[in-house]
Amino acid sequence: AKENLIKRRDTHLDSLLDKLKEPRVKNIVISIINGDSRVYDNFKDDLWYVM
């Protein structure tokens with residue numbers, strides 16, 4: 001599957017890695033991984049950005 005993604009180049013993987021380093025994306029991903037259900041003031045905007 002990894003090789004197919006690389007060959008198709010639908011989304012450049014480096015671009016995705018850069019996005020994961022952004023604080024607003026990182027906060028959402030960490031919340032999902034940890035199973036947090038807390039709502040922050042700017043969480044909704046960050047969630048929409050990630051989606």
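1. Basis of the model. The model is predicted, and local features need pLDDT of at least 70, side-chain atom pairs count only at pLDDT 80 or more, and totals for chains, interfaces and linings use all residues. Residues are numbered from 1 along each chain as its sequence is written, and side-chain values use heavy atoms, with hydrogens and water left out.

2. Fold. The protein has four helices and zero strands, in the order α-α-α-α from the N terminus; helices (H or I, at least four residues) and strands (E, at least two) are DSSP runs, numbered from the N terminus.

3. Burial and surface. Of the 51 residues, 10% count as buried, where buried means under 20% relative accessible area, exposed over 50% and partly exposed in between, with a 1.4 Å probe and protein chains only. The accessible surface comes to about 4,700 Å², and 56% of this belongs to carbon and sulfur atoms; accessible areas come from the Shrake-Rupley method with a 1.4 Å probe, and for residues only the protein chains shown count as cover.

4. Aspartate 46. Apart from neighbours within four places in sequence, aspartate 46 is in contact (heavy atoms within 4.5 Å) with Arg24 and Ile28.
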